Amino acid sequence: MVPFGGWEMPLHYGSQVSEHQVVRTDAGLFDVSHMRVLDLSGSDALLFLQSLLANDVARLKKPGKALYSCMLRPDGGVLDDLICYFVAKNQYRMVVNAATADKDLSWMTRQSDGYRLELVARRELAMIAVQGPNARAKTLPLLPPGLREAAGLEPFHGLGHGDWFIARTGYTGEDGFEIILPQSQVVGLWERLIKAGVSPCGLGARDSLRLEAGMNLYGNDMDETISPLECGLAWTVAWEPEGRDFIGREALQRIADNTERRHFTGLLLEDKGVLRQSMALFAGERVVGEITSGGFSPSLQRSIAMARVSADAGEDLQVELRGKRLPVRRVKLPFVRNGKAMFDF
Amino acid sequence: MNELPNDLRYASSHEWIRNEGDGTATVGITDHAQAQLGDLVYIELPELGSQLEAGKECAVVESVKAASDIYSPVGGEVIAVNEALADAPETINESAFADGWIFRLRMADPAQLEELLDADAYQELVDEEVH
């Protein structure tokens with residue numbers, strides 16, 4: 001067990017590497033109840049979210065559709081990254097990180113002054129993720145009758161029934177579901193999934209899976225001092241429509257105009273060793289950046305990392321491992337899709 | 001956890017050593033050590049022929065979680081290394097006390113073995129760490 005965002009969570013249930021592989025080849029089960037569910041409703045909900053989030057919730061036309069977004073400080077720093085679901089007219093659901101949940105809630109409450117809306121933290125809800133190529137097939141027969149339509153869910157869509165909510169989302173780069181449900185029912189579903197041949201997976205596998213999938217981890221790859229433009233999340237910033245004045249827009253525009261801003265990149269170590277968070281990156285004798293997330297990739301059998309480097313860092317980068325300088329290769333994210341490497345090595 | 005083998009000696013830094021009775025000894029890391037490290041992904045073996053000092057680092061194991069130095073429990077010359085570990089470091093996770101042995105050395109002074117822990121004393125140390 002390890003501390004994580006105020007929770008005690010299992011790092012693994014036996015072997016992190018086997019848990020990783022089971023998600024890439026079959027189906028794995030994660031307890032992600034540490035994530036906080038926030039429900040937002042009211043006639044000003046859309047207007048509020050259009051100001052609060054760097055991505056544009058107005059893009060969500062169909063109920064159930066999800067949007068990934070950063071929530072920014074006025075200076076462009078990332079307060080949190082979250083998923084926002086369009087539940088129904090004037091109703092939205094956000095899922096935020098555990099460690100930032102209290103901070104998020106007080107920030108949102110302060111920003112909501114003058115808007116007609118209600119914000120409710122659903123601490124009584126639990127959440128599990130079933131991920132892998134066989135995840136949906138193994139989960140569908142175990143869902144309550146009201147959620148049978150989950151069989152037809154498209155990627156990045158969700159649907160609810162009572163206090164249950166199921167979405168075709170995840171943090172592993174595999175197909176699967178995330179299921180929000182009452183705490184009183186989560187153990188029962190967990191046990192039925194285990195019986196159906198879904199393997200429990202810990203925080204370790206969750207981290208190596210998301211790293212291979214090129215997905216950011218808040219607190220590692222970005223925080224309040226980093227803008228989405230310096231952590232690979234430029235694609236989540238909706239500049240259009242031009243008139244939408246979201247929090248942080250002005251500062252972000254200045255950062256976007258600055259050609260010196262740092263770049264975010266994937267790294268592959270071809271030699272033996274493991275790249276880890278906070279390791280310095282060198283271009284010759286010059287320190288040009290730092291690893292923000294690193295680890296061993298079970299799919300590639302090599303170490304991979306995500307890093308932030310200066311704009312002029314170039315392609316020839318090295319890392320210092322146990323007193324030796326080893327070359328690292330810059331690669332495009334993600335590293336792995338559908339269990340296969342996205343580049344030759 | 002399995003019973004600790006009684007025929008081994010243990011270092012407080014979690015290596016085991018077996019006296020082969022011919023002036024040589026075999027070294028590995030304990031089952032407790034591998035469990036704490038998690039899945040091993042790389043190992044840097046000592047160099048064949050190198051001279052090791054008691055209590056000095058001589059190899060590195062790297063797991064999904066962390067890199068960890070291995071210290072030679074006694075001094076001596078490395079006469080064999082477990083090459084199979086280079087491609088299959090997980091052998092240490094599966095069989096820390098047997099197939100996962102790391103290196104063998106010709107002891108400079110077998111009396112150094114007496115300074116190490118026996119199974120009971122090492123078990124006590126592990127119990128203290130866990131609680």
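This is a predicted model: local features need pLDDT of at least 70, side-chain atom pairs count only at pLDDT 80 or more; totals for chains, interfaces and linings use all residues.
Local features were considered at pLDDT of at least 70 and side-chain atom pairs at pLDDT 80 or more, while totals for chains, interfaces and linings use all residues. Residues are numbered from 1 along each chain as its sequence is written, with chains lettered from A and ligands numbered from 1 in the order in which they are written.

A residue counts as buried if 20 or more other C-beta atoms lie within 10 Å of its own, exposed if 12 or fewer, and partly exposed in between, with C-beta atoms placed from the backbone. At least three residues come from each of domain 1 (2-212) and domain 2 (262-345) of chain A, the bounds being taken from an automatic or database domain assignment. Beyond its neighbours within four places in sequence, A:Val130 is in contact with residues including A:Ala27, A:Leu29, A:Phe177 and A:Leu193, where contact requires C-beta atoms, placed from the backbone, within 7 Å.

Chain A also contains an open, mixed sheet of six strands in the order β10-β11-β12-β9-β3-β13. Strands (E, at least two residues) and helices (H or I, at least four) are DSSP runs, numbered from the N terminus, and two strands pair if DSSP finds at least two bridges between them. At the edges lie β10 (158-161) and β13 (199-200), each pairing on one side only. The antiparallel strands β10(A) and β11 (residues 164-167) of chain A are joined by four bridges.

Turning to the helices, α5 (residues 183-195) of chain A has 13 residues and spans 19 Å from first to last C-alpha, close to the expected 18 Å, which is 1.5 Å times one less than the number of residues. A:Gly197, with a positive phi near 95 degrees, follows α5(A). Helix α6 (residues 203-212) of chain A is largely enclosed by the rest of the structure, because eight of its 10 residues are buried. Among them are A:Leu203, A:Arg206 and A:Glu212.

Finally, the chains meet through 11 residues from chain A and eight from chain B. In chain B, β4 (40-44) and β6 (57-63) each give two or more residues to this side.

Terms used
Two residues are in contact if their C-beta atoms, placed from the backbone, lie within 7 Å.
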